[in-house]
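Subject: Structure handover and notes

Hello,

Below is the structure I said I would pass on. My notes on what turned up in it follow.

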Protein chains: 2
Amino acid sequence: MSPKVADEHKEARRKQILAAAVRVFTRLGYQAATMKDVVEESGMSRGGVYLYYGSTERMMLDLIGETDEEVAGMPKLARPDRPVWETIEQLMRHLAGGVTKGAAGMAPVFYEFFITAWRKRTYETLMESRYDQNVSAVVRLLEEGARRGEFQPRVSLETIARMLFSFHDGMQIHAIQFGDRRTDTRGQTEGMLAALRHLLGVQDKEEQP
Amino acid sequence: MSPKVADEHKEARRKQILAAAVRVFTRLGYQAATMKDVVEESGMSRGGVYLYYGSTERMMLDLIGETDEEVAGMPKLARPDRPVWETIEQLMRHLAGGVTKGAAGMAPVFYEFFITAWRKRTYETLMESRYDQNVSAVVRLLEEGARRGEFQPRVSLETIARMLFSFHDGMQIHAIQFGDRRTDTRGQTEGMLAALRHLLGVQDKEEQP
DNA sequence: TATAATAACGACATCAGTGTCGTTATTATT
DNA sequence: AATAATAACGACACTGATGTCGTTATTATA
């Protein structure tokens with residue numbers, strides 16, 4: 001009576017397969033990637049891989065789960081000693097900067113997956129709750145600013161949060177498709193910050209002459 | 001010596017196949033759609049369809065060409081007797097309204113195609129020039145407003161045009177994924193109009209009390 | 001070191017989609 | 001009506017991916 005390997009080793013195998021999957025996905029995209037591709041990339045055997053994952057879809061779900069965990073650690077961004085507006089500026093510029101790196105990475109794969117997942121109606125609630133969570137995370141940040149008296153918003157904070165995501169995702173997709181240069185990610189980001197500043201009614205202490 | 005059918009009839013066949021392709025694409029998406037599906041949907045034979053189209057990709061390109069022709073007729077929107085800002089408002093609201101209808105239509109299919117086309121590097125210049133054309137069309141509209149003295153823009157008109165597209169495409173994708181309701185298309189559109197009004201520095205004649 | 005348990009392997013049968021091509025049906029001309 | 005030209009058909013061979021399963025290799029325990 002002896003289970004052959006420790007759970008750690010099984011977990012390591014799982015990671016190994018997921019790493020191969022990431023390489024395949026970034027090279028071929030989600031839909032075009034096959035089990036065969038992942039098997040060959042992983043260096044394992046067909047049967048070995050199937051022991052852990054029965055489809056590329058399952059791999060993708062696990063990869064999404066991983067990034068979600070990373071994102072979950074984001075709300076602690078708002079430092080109590082600095083203005084909320086500053087946090088927003090940093091957040092926007094950080095997200096815009098990540099586009100370039102993401103173009104060669106998993107970002108387009110995620111977009112591709114989400115658009116095809118939408119069609120199959122599966123994960124409908126998963127996707128919706130992800131959206132809701134992201135929106136309300138930003139709303140909470142904005143509310144903090146309003147509570148501190150930094151903002152005197154002209155439109156609903158929820159609307160502003162949604163606009164932020166619409167803009168960001170759209171720009172990211174354009175950056176992926178047409179390149180960072182052509183899309184002028186920096187310029188757009190600064191423009192959007194100016195727009196947000198107005199919509200939020202940021203009360204600027206220093207810049208009132 | 002006699003060509004069997006007139007060119008009109010061949011064109012009719014072509015339309016028939018494309019119509020079937022649209023139904024298949026909207027049902028299954030671009031990547032999942034196969035020649036087999038289109039053949040069965042069209043009511044024609046395998047060989048018959050292959051006589052006109054050798055791949056779903058070719059069908060897709062023709063469909064894109066058709067919609068491009070429709071879009072080409074859009075720049076004449078700016079009426080000389082009305083303020084440019086009014087045109088922009090109408091345009092934005094019109095685009096936002098089209099999302100609902102588009103959710104069940106070809107819009108997600110186009111997005112899916114573009115993201116997979118990007119990966120294959122083919123059509124790179126096609127896609128880029130489409131983007132450039134759309135941007136410069138809006139820029140021309142905005143320049144007309146500036147020339148008339150309606151606007152006193154705070155940021156470059158090109159940046160504003162790009163922001164407009166980023167926002168629109170992002171919101172459209174969200175609307176497709178999460179539904180019109182949850183995304184609050186109307187609210188976001190009004191919010192974006194307020195933001196644009198500020199960025200453009202719209203000189204409001206009536207509303208200055 | 002023996003062995004029980006199971007992780008890992010890889011060949012195999014299967015299936016769905018593809019592109020072709022010899023045959024048949026259709027239609028403008030003579 | 002005859003026929004030449006070709007549009008349309010659909011069966012066929014082919015390809016590439018899938019999921020399974022009997023076999024082999026590996027390792028924790030006794």
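This is a predicted model: local features need pLDDT of at least 70, side-chain atom pairs count only at pLDDT 80 or more; totals for chains, interfaces and linings use all residues.

I begin with a pair of helices in chain B. The axes of α6(B) and α8(B), the latter spanning residues 157-178, come within 10 Å and cross at roughly 115 degrees. That crossing is left-handed.

Chain A has the corresponding entries. Here α6(A) and α8(A) have axes that come within 10 Å, with a crossing angle of roughly 115 degrees, and α6(A) passes α8(A) in a left-handed crossing. On the α6(A) side the residues are Ala107(A), Pro108(A) and Tyr111(A); they meet Asp169(A), Gln172(A), Ile173(A) and Ile176(A) in α8(A).

How the two chains relate

Chain A can be laid on chain B by a turn of 180 degrees and a shift of 0.0 Å along the axis, with an RMSD of 0.0 Å. This is the relation of a two-fold axis. Of the interface residues of chain A, 100% are also interface residues in chain B, so the copies meet through the same surface.

One residue to look at across the two chains is Gln177(A), which is found in helix α8 of chain A. Which residues does Gln177(A) touch, leaving aside those up to four places away in sequence? They are Phe114(B), Ile115(B), Trp118(B) and Met127(B). Gln177(A) has a relative accessible area of 9% and is therefore buried, the cut-off being under 20%.

Overall make-up of chain A

Chain A contains 10 helices and zero strands. Along the sequence the pattern reads α-α-α-α-α-α-α-α-α-α. Chain A has 209 residues, and buried residues make up 45% of them. Taking the contacts in chain A between residues at least 6 apart in sequence, 69% join residues at least 24 apart.

Aromatic pairs

A search of the whole structure gives 12 aromatic pairs over all chains. One of them is Phe110(A) with Phe114(A), which is stacked, at 6.4 Å centre to centre and with 25 degrees between the planes. Both residues lie in helix α6 of chain A (residues 107-120), four residues apart, about one turn of the helix. Phe110(A) and Phe114(A) are both buried.

In chain B, Phe113(B) and Tyr123(B) form a tilted pair, with 6.3 Å centre to centre and 35 degrees between the planes. Phe113(B) belongs to helix α6 of chain B, while Tyr123(B) sits in the loop between α6 and α7 (124-147), so this pair ties together parts that are 10 residues apart in sequence. Phe113(B) counts as buried, since its relative accessibility is 3%.

Ring pairs also link a cluster made of Phe25(A), Tyr30(A), Phe110(A), Phe113(A), Phe114(A) and Tyr123(A).

Leu61(A) is found in helix α4 of chain A, which covers residues 56-72. Leu61(A) and Phe113(A) are 52 residues apart along the chain, and their C-alpha atoms are separated by 9.7 Å. Is Leu61(A) buried, exposed or partly exposed? With a relative accessible area of 22%, Leu61(A) is partly exposed.

Helix α2 of chain A

Helix α2 of chain A covers residues 35-42, and Met35(A), Val38(A), Val39(A) and Ser42(A) in it are buried. Viewed down the axis of α2(A), the buried residues fall within an arc of 100 degrees, so they line one face of the helix. Lys36(A) and Glu40(A), on the other side of α2(A), are exposed. Just after α2(A) comes Gly43(A), which takes a positive phi of about 80 degrees.

Where to start

If you open the file with the notes beside it, the contacts of Gln177(A) with residues of chain B, including Trp118(B), are one place to begin.

Regards

Technical notes
Residues are numbered from 1 along each chain as its sequence is written. Chains are lettered from A and ligands numbered from 1 in the order in which they are written. Side-chain values use heavy atoms; hydrogens and water are left out. Copies are superposed by least squares on the C-alpha atoms of residues with pLDDT of at least 70 in both. Contact means heavy atoms within 4.5 Å. Buried means under 20% relative accessible area, exposed over 50%, partly exposed in between (1.4 Å probe, protein chains only). The arc is that of the directions from the helix axis to the C-beta atoms. Rings of Phe, Tyr and Trp (its six-membered ring) pair if their centres lie within 6.5 Å; planes under 30 degrees apart count as stacked, over 60 as edge-to-face and the rest as tilted. Axes are lines fitted to C-alpha atoms, for helices over the stretch in contact, and angles run from 0 to 180 degrees between N-to-C directions. A crossing is left-handed if the near helix is turned anticlockwise from the far one by less than a right angle, and right-handed if clockwise.
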